[in-house]
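Subject: The structure for you to look at

Hi,

Here is the structure I promised to pass on. Please open it alongside this message, and follow along as you read.

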Amino acid sequence: MTSRRSFVSGMAAAGFGATAMFRTSAIGSLFRANAIAGERSPEEVAEDESYWAEIQRAFDVDRTMINLNNGGISPSPTHVLDAMIRDLKFTNELPVEHMWRVLEPRIESVRRDLARELGCDPEEMAITRNASEANEIMIFGLDLKRGDEVVVSNQNYGRMLTAWDQRVRREGIVLKQVSFKVPPPSQKYIVDQFTAAVTPNTRVIELPHITNLTGQIMPIRELVDFARPRGIQVLVDGAHAFAHFPFKLDDLGADYYGTSLHKWLLAPIGTGFLYVRKDKQKNLWPLMAAAATQNEDIRKYEEIGTHPAANHNAISAALAFHRGIGADRKIARLRYLRDRWAKRLLGESPRVKVLTPLDSKYSGAIGLVSIDGLEFGKLGEWLMSKHRIVNTPILHPEFNGLRITPNVYTTIDEIDTFADKMTVAIKKGIA
Ligand SMILES: Cc1ncc(COP(=O)(O)O)c(C=O)c1O
């Protein structure tokens, strides 16, 4: 708590460095919020609407719809957007000078800030445009030969499976997809599904840190510990993990990690990062060619041609906001919001199934719900068209349901309206 308070006041005093401009109102929101929180635990603050009202004020969101698809993409707080717009305008006055010479070098501060948050060396942190780019650098960057095996789950993100499938078609590698029950009986059970698929030909395991389908947090550390002595590389797709729930790189022991920053960090759209451990960089090719002299330079993954500096520079403003709230308070609030609708609906009827583990450290904001006797696609459409509640129908060969993801700006009223409408659907149907 004390360090968070001094962090917020330190930010104000220092104007928070050269790269991130903080709107007075965003600073004001964090100050007032911190005063309200006092020394209480994250779980106590999670239920205090006066704290979260201050956080909600930092956003200019359109409340004419209830957006419960923050897993797809999230709005940035207003000061983050302002920082980006300021830099875009400055860029456009004289791009060759303002963007290339003034703004682009500031990526080094962003690299440093992100590396500190993840717990790695800045020389291991590449800034990308999203998780897809970061993950595809990992997926296409490793040399593999015909017959080499890659183990994934059938709950990996679709685009990542498509990327592997292209290597199957083009190079003759072998892809093995494991299945696991949702919710799983234990973390060890998930590990067992992966390790059972490993053979002497396995070279790579690729999996999400948290799935986008049910929001299951996966046993990364256990799989890394299994794989490393066997010379198997573990590629972690952290698209939904970074700034969603607290963790450090050392907790995972991973050598490769990709994420989006426009989901849970609330950074501008088109931001992500790729972590590659120093000694792994030499053998991981970039997606766009880089000079041989850059072979062991993390910046080789940023050789993408002309791109705006404004988007990636505003990452630091988003990170400052995230740290101002604090990762522990954020996840406590997100779990509180999820439990508020999920536990209420479970209490309404035995027909309700929540496929996300509740009362568990292996899940966060994302919840997947299904109702026996109600077709989930029609239910999703009814919520959207009749009640303007944005939700995500999830169709998987082994399960389905509606994915619900609030974020820190979501209000209790919005959660309760969703739960009210679902209760109507359960009791009276949607005809
Ligand atoms: C697990 C997972 N991986 C990768 C991605 C791709 O993220 P992006 O579209 O930001 O590149 C997503 C997007 O939802 C995802 O859920």
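Below is what I found in it, going from the overall fold to single residues.

Please keep in mind that this is a predicted model.

**Overall picture**

The protein has 17 helices and 13 strands. A compact globule of 431 residues would have a radius of gyration near 22 Å, and the protein agrees with that, at 22 Å. Along the principal axes, the C-alpha atoms fill a box of roughly 65 × 55 × 40 Å. Of the 431 residues, 58% count as buried. I also looked at contacts between residues at least 6 apart in sequence: 72% of these join residues at least 24 apart.

As for the surface, the accessible area is about 17,500 Å², and carbon and sulfur atoms account for 54% of it. There are 55 positive and 52 negative charges, and their mean positions lie 2 Å apart.

**The cores**

In soluble globular proteins, nonpolar side chains tend to be buried together. Here the largest nonpolar core holds 64 residues, and the members that touch the most others are Leu 114, Leu 118, Phe 194, Ile 205, Phe 242, Leu 265 and Phe 273.

**A covered helix and its neighbour**

Arg 167 counts as buried because its relative accessibility is 3%, under the 20% cut-off. Leaving aside neighbours within four places in sequence, Arg 167 is in contact with Ile 139, Phe 140, Leu 142, Asp 143, Leu 144, Gly 172 and Ile 173.

**Backbone details in the loops**

The peptide bond from Val 182 to Pro 183 is cis, with omega near -15 degrees, and Pro 183 sits in the loop between strand S4 (174-178) and helix H10 (187-196).

Leu 266 has a positive phi, near 70 degrees, although the residue is not a glycine. Leu 266 belongs to the loop between S7 and S8, and is buried, with a relative accessible area of 2%. Asp 359 also has a positive phi without being glycine, near 50 degrees. The loop that holds Asp 359 runs between strand S9 (352-354) and S10. Is Asp 359 buried or exposed? With a relative accessible area of 64%, Asp 359 is exposed.

**Some further residues**

Gly 367 is in strand S10 (residues 367-371) and counts as buried, at 1% relative accessibility. The contacts of Gly 367 beyond four places in sequence are Trp 341, Thr 356, Leu 402, Arg 403 and Ile 404. Glu 348 is 19 residues from Gly 367 along the chain, and their C-alpha atoms are 17 Å apart.

Thr 410 lies in the loop between strand S13 (399-404) and helix H17 (412-428), and is buried, with a relative accessible area of 0%. Along the chain, Thr 410 and Gln 56 are 354 residues apart, yet their C-alpha atoms are separated by 7.3 Å. Gln 56 is in contact with Thr 410, as are Arg 63, Leu 68, Asn 70, Arg 333, Leu 337 and Ile 415.

Finally, Glu 222 in helix H11 (residues 220-227) counts as partly exposed, at 42% relative accessibility. Glu 222 and Glu 117, 105 residues apart in sequence, are 22 Å apart from C-alpha to C-alpha.

Technical notes:
Residues are numbered from 1 along each chain as its sequence is written. This is a predicted model: local features need pLDDT of at least 70, side-chain atom pairs count only at pLDDT 80 or more; totals for chains, interfaces and linings use all residues. Side-chain values use heavy atoms; hydrogens and water are left out. Helices (H or I, at least four residues) and strands (E, at least two) are DSSP runs, numbered from the N terminus. The radius of gyration is taken over C-alpha atoms; the globule rule is 2.2 Å times the number of residues to the power 0.38. Buried means under 20% relative accessible area, exposed over 50%, partly exposed in between (1.4 Å probe, protein chains only). Contact means heavy atoms within 4.5 Å. Accessible areas come from the Shrake-Rupley method with a 1.4 Å probe; for residues, only the protein chains shown count as cover. Lys and Arg count as positive and Asp and Glu as negative; His and the chain ends are not counted. The place of a charge is taken as NZ of Lys, CZ of Arg, CG of Asp or CD of Glu. A nonpolar core is a set of buried Ala, Val, Leu, Ile, Met, Phe, Trp, Tyr and Cys residues joined through side-chain atoms within 4.5 Å.
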